[in-house]
Amino acid sequence: MRRVVALAAVIVAGVVLQSTVLAGFRLAGVRPDLLVLAVVAVAMASGPTSGALFGFWAGLVADLESGLPAGVSSLVYTAVGYAVGLVRVYVVSPSAWVHLALAGAASLVSVWASGLVLRVLDLSSWSFVARSGPLVAVYNLLLIPFVYPIVRSIAERVRSEKLYRW
């Protein structure tokens, strides 16, 4: 129960910060995406299943807050959380550069995947999708030192114990 409350608080804090404080900081029409950074941090701390579950709920809340069709961000954040959770086994370097590159790549992929789904639904243009991906990734790279360590430490503190079954 403690884990659910802590991770729900991370989602709420991310949405509140993203929609209030960071809403005014737009770079070429795009704003940073704190929730994808939180999904990456939880997936790196807890694995693919927890990353996917956290990504689904974070994406659903983001969709409801942003006015996008419900499910677009949920689909993308679930896939990003699962993929980063799978990749974490291969990240053996404690270097911050590796985590920085992983979070930046996840940001770029999430924007492009969301843009692809929105383009299929005819709600976006190819030029906006191509232009906004790198801008959001750079924006998120600037915010990673502030968001990633905090969310990852919260996720590690409330990590559920593994169940061993015979």
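**Surface and overall build**

I started with the surface: the protein chain exposes about 9200 Å², and carbon and sulfur atoms supply 72% of it. I am working from a predicted model here. Next I went through the secondary structure and found six helices and zero strands. From the N terminus on, my list of elements simply reads α-α-α-α-α-α. I then checked the radius of gyration, which is 15 Å; the globule rule gives 15 Å for 166 residues, so the chain is as compact as a globular protein of that length. Along the principal axes, I get a box of roughly 50 × 30 × 30 Å for the C-alpha atoms.

Buried residues come to 42% of the 166 in the chain. Of the contacts with a separation of 6 or more, 69% join residues 24 or more positions apart.

**Helix α4**

I checked the length of α4 first. Its 16 residues should span 22 Å at 1.5 Å a residue, and I find the end C-alpha atoms 23 Å apart, which agrees. For its buried residues I wrote down Val 72, Ser 73, Ser 74, Val 76, Tyr 77, Val 80, Gly 81, Val 84 and Gly 85. The cover over these buried residues includes α2, α3 and α5.

I then picked out Val 84. Not counting residues up to four places away in sequence, Val 84 touches Val 40, Ala 43, Met 44, Leu 102 and Ala 106.

**His 99**

My last stop was His 99, which sits in helix α5 (residues 96-120). Is His 99 buried or exposed? I count His 99 as buried because its relative accessibility is 12%, and the cut-off for buried is under 20%. Which side chain makes a polar contact with the side chain of His 99? I found that of Tyr 148, at 2.9 Å. Leaving aside neighbours within four places in sequence, I have His 99 in contact with Met 44, Val 91, Ser 93, Tyr 148 and Arg 152. Met 44 is also on my list for Val 84.

Methods. Residues are numbered from 1 along each chain as its sequence is written. This is a predicted model: local features need pLDDT of at least 70, side-chain atom pairs count only at pLDDT 80 or more; totals for chains, interfaces and linings use all residues. Side-chain values use heavy atoms; hydrogens and water are left out. Helices (H or I, at least four residues) and strands (E, at least two) are DSSP runs, numbered from the N terminus. Buried means under 20% relative accessible area, exposed over 50%, partly exposed in between (1.4 Å probe, protein chains only). A polar contact is a pair of N or O atoms within 3.5 Å; within protein, one must be able to donate a hydrogen and the other to accept it, and residues adjacent in sequence count only if both atoms are side-chain atoms. Contact means heavy atoms within 4.5 Å. The expected span of a helix is 1.5 Å times one less than its number of residues. The radius of gyration is taken over C-alpha atoms; the globule rule is 2.2 Å times the number of residues to the power 0.38. Accessible areas come from the Shrake-Rupley method with a 1.4 Å probe; for residues, only the protein chains shown count as cover.
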